[in-house]
Amino acid sequence: MEYTGERFIPDNDGLEIEAEHVHRYKAISSCLKNMNVLDAGCGTGYGSLLMSQYAQNVTGIDISHESVQWCNEHYSAQENLQFIQASLDNLPFNDSEFDCLVIFEVIEHVDKDIQNRFLKEARRVLKPNGTLIISTPNKSVYTDKSGYHNPYHISEFYLDDFKSFLEQEFKIVKLYNQSLYLVSSITDEAMNERRVRIIKNSNIDADGKYMIALCSNENGAISPFDLGSVYKYDSSLSINMSSLYASSNQNVYSQEHKQSTALVTEENNKFSVNFDISKISEPSQFRFDPVENCFCLCNIEEVLTDGIVESVLPLNALKYYKKGFLFMNIDPQFEIKGNFEHATYLTLKGYFKIMTQVEISEIVDDIYKQMIAAVGDNGNNSING
């Protein structure tokens, strides 16, 4: 996919761009449980994928055929996620179809006529108690104060304009500011204190660079959403497709019952993935591949199932290193054995981290030093003997 800077592409953009884009999706995803969600202007689909880990179903739309094709190629294994080509002003969905409509950093890319038609369409496809979650740059900060005019933006909003625009179709509009600063965080050790006091330098703008709005036409509809949060972004976004293979015979795994799902790491690189195994005939063991074509640290810390687990073993790990098994190969695997004859689900929880080039270099250097030390010890023993 051509890189323009307007679509966030994981592993291609810098950490600051990631923080601006991903933070919004991270802030709302856990609030989407049991919801049917529309992601308008989905771009590379990373946000749709994040939301699909919580929502009942997510549909991503984009006017770009290239974007939709790219998303379908990369995320087709996620069963509750689909992508279709569509425009903002003519949403191909039934009335009252969605619980939530998400549109982040898109509305400024179209003219005022399309903006107004989209807003009517948004109200139409949302359920009466549905919620629109929309973000856009604050023109006074993003453009006026910076002196930068984004060539891809057609119609930007000031704060008052944005609120007036949304109130054309929605009675309830709650606004948030999003800003990206160099942040030093102080939290209690147990992370029990939920609220954080913000201390700003006096020369920092009171308004945020981006505006985010929660919109609805029913009281209480937006109450599940609490966007107030701080996003820690000292490592890149980790979204990977993991796979589960079943076997009824010892060590024979086929593609027939292969399942894939997104492995999304949360705080402290923790993950949880769930698989439906109810349609697999008398499986005796499973093979879990957390990622493909990446060196990683991974450990399965907990297995939840209505079957019986006898053992969980890494198949090709180099060693246990810090918080997980070290896989210095492109095909990390775990084998899970037990009695799953009448089991219906398998949930795996644990630790996962893609190894950076710096970490790989440190590990290789550490292994090299151990080898040199071992050779030296053997040499000394030979001389002493």
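## A look around a predicted protein model

Let's start with how the chain folds back on itself: of its contacts (heavy atoms within 4.5 Å) with a separation of 6 or more, 74% are between residues 24 or more positions apart. Keep in mind that this is a predicted model, where local features need pLDDT of at least 70, side-chain atom pairs count only at pLDDT 80 or more, and totals for chains, interfaces and linings use all residues. Residues are numbered from 1 along each chain as its sequence is written, and side-chain values use heavy atoms, with hydrogens and water left out.

Of its 385 residues, 45% are buried. Buried means under 20% relative accessible area, exposed means over 50%, and partly exposed is in between (1.4 Å probe, protein chains only).

Now for the aromatic rings. The structure holds 15 aromatic pairs. Rings of Phe, Tyr and Trp (its six-membered ring) pair if their centres lie within 6.5 Å, and planes under 30 degrees apart count as stacked, over 60 as edge-to-face and the rest as tilted. Here are two of the pairs:

| Pair | Centre to centre | Angle between planes | Type |
|---|---|---|---|
| Tyr25 and Phe104 | 5.0 Å | 70° | edge-to-face |
| Tyr320 and Phe325 | 5.1 Å | 90° | edge-to-face |

What does the pair of Tyr25 and Phe104 tie together? Tyr25 sits in helix H1 (residues 15–29) and Phe104 in strand E4 (residues 98–104), so the pair links parts that are 79 residues apart in sequence. Tyr25 is buried, at 4% relative accessible area, and Phe104 is buried too, at 7%.

Over at the other pair, Tyr320 is partly exposed, with 45% relative accessibility, and Phe325 is also partly exposed, with 21%. Tyr320 and Phe325 belong to one aromatic cluster together with Phe327 and Phe334.

Finally, the second largest pocket. Its volume, the space filled by probe spheres set on grid points joined across faces, edges and corners, is about 800 Å³. A pocket is an open set of points on a 1 Å grid over the protein atoms alone, where a 1.4 Å probe fits, with protein on both sides within 12 Å along at least five of seven lines; lining residues have an atom within 4 Å of a point. This pocket is lined by 26 residues, and Gln78, Thr261, Val273, Asn274 and Phe275 lie nearest its centre. Strand E9 (259–264) and strand E10 (270–276) are the elements giving two or more residues to the lining, with E10 supplying the largest share, seven residues.

Terms used
Helix = DSSP H or I, 4+ residues; strand = E, 2+ residues; numbered from the N terminus.
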